[in-house]
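Subject: Handing over a structure, with notes

Dear colleague,

I am passing on a structure for you to look at, and my notes on it follow below. Please keep it open beside the text as you read.

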Amino acid sequence: MKIWKLSALLNEYVVLEGIKDYSLEEIRSFDGRRKSTEWDPLIVKRSIDSAKRELSDFPGFILTPVFSERALRFLLDLIKDDVEVLKLNFDEGNYYAINVISVLDVLDYQKAKYKTFRDGKKIMWIEKYEFKMCKDLESSHIFKLIDEKRGDPFVSDEFKKIVEKNELTGFHFELAWDSEECNEIEKNKSCEGHEKDMEDDCFSYVGDLDVDIMDEIEQTILYAQKVFRVHETKDGRKLAKQIFSITEKILNCGKYPKEYDDLDDVAIALGCLFGQALVKGLGWKWKEVGESKEDAMYCVVSPDENWVNPCMVFMQKILNGENIGADGRNDNTVMLLWNLAEQCMKNPPKNKLTILW
């Protein structure tokens, strides 16, 4: 049994957008809640950046998946119990918002690899999907996870086969789980691409963070400021110096605040603080970055998108003794990286989204 993560080919086909900006509540509301009884067709248009591209059967849209009438004709019988079909007002054809109402609790927490926020409950990101074989999983052909209600949906192998058989355009499938191959995503790299090794030079995908994730990052920053007694400052360099001192103290004494369960939690907290230092001091922005949307992580990116710092992984390497310098010792390179970021912004790299750490 194979489960695929579904997304749109945003860089190849038309992306739709509303004629107005959507509110935070509107964006968050596509989380499994039913909408059909109160639905007023949204007016959409081609985004400016994609205006000259070909219109597909599955155009990108910020709120929810969108099907053409043709895609709906082939797929509706399969997914009708899992979705609501909501008409869009689009002057180039009949298109429909697909509100996925099937939200399943099927993640195998014992086998999956994921990281939680400081509450130890809410999942921050999932590195490796593992699903429980159960009736809900076997009977659902499109669904969202209860832990990722506002993320991209998952689809069945049957869904994928219908799309391919009928040559529907705009669909992108990333293999999330294969029950017949020991549930190892890495063994299926040939399906849609490959995972990006963190030691490689650069990434190829960058996207905006989900509003919920951005809220969690901001809360993590506020909590870390309180726990580590970080002085509020608008000066990014001064903030980086405080992070350096905190990190140095942890490395020297081997202890960290009792408010955090382990060093990974501390790394997330200090990583968010360091990311914020780059945001405040150098105008960097929080983004999701990776080889593709499906394997993206939370990073800070320079304004021109030339440089990327995976700040949480960076702090994790330092705190776990894996940031080895030329002398063979683990180095606290927080300030070195800050200075490097400042200098590198004046010198564009060969490739966009080059990793800096």
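Two strands are said to pair if DSSP finds at least two bridges between them, and the strands themselves (E, at least two residues), like the helices (H or I, at least four), are DSSP runs numbered from the N terminus. On that basis, β3 and strand β5 (residues 83-89) run parallel and are joined by 2 bridges, with I43 standing opposite N89 in β5. Strand β3 (residues 42-46) also runs antiparallel to strand β2 (residues 16-18), to which 3 bridges join it, and the bridge partner of G18 in β3 is V44.

Before going further, please note that this is a predicted model, in which local features need pLDDT of at least 70 and side-chain atom pairs count only at pLDDT 80 or more, while totals for chains, interfaces and linings use all residues. Residues are numbered from 1 along each chain as its sequence is written, and side-chain values use heavy atoms, with hydrogens and water left out.

There is also an open sheet of 5 strands, in the order β7-β10-β11-β1-β12 and with mixed pairing. Because β7 (103-104) and β12 (171-178) stand at the edges with a single partner strand each, one side of each is left without a neighbour in the sheet. Within this sheet, β1 (residues 2-8) and β11 (residues 154-156) pair in the antiparallel sense over 3 bridges, and I3 has S156 as its bridge partner in β11. Helix α4 (residues 157-165) packs on the sheet, touching β1, β10 (142-145), β11 and β12, where contact means heavy atoms within 4.5 Å.

Helix α4 has a helical neighbour as well, since the axes of α2 (residues 69-79) and α4 come within 10 Å and cross at roughly 165°, the axes being lines fitted to C-alpha atoms, for helices over the stretch in contact, with angles running from 0 to 180 degrees between N-to-C directions. The two helices are therefore roughly antiparallel to each other, a label given to angles over 145 degrees. The contact is made by F74, L75, L78 and I79 of α2 and by E158, F159, I162 and V163 of α4.

Finally, E167, found in the loop between α4 and β12, is exposed (over 50% relative accessible area, with a 1.4 Å probe and protein chains only), its own value being 64%. Leaving aside residues up to four places away in sequence, E167 touches D57 and R70. E167 and A71 are 96 residues apart in sequence and 9.6 Å apart in space, C-alpha to C-alpha.

How values were computed
Parallel < 35°, antiparallel > 145°, perpendicular 65-115°, else oblique. Buried < 20%, exposed > 50% of the residue type's maximum accessible area, 1.4 Å probe, protein only.
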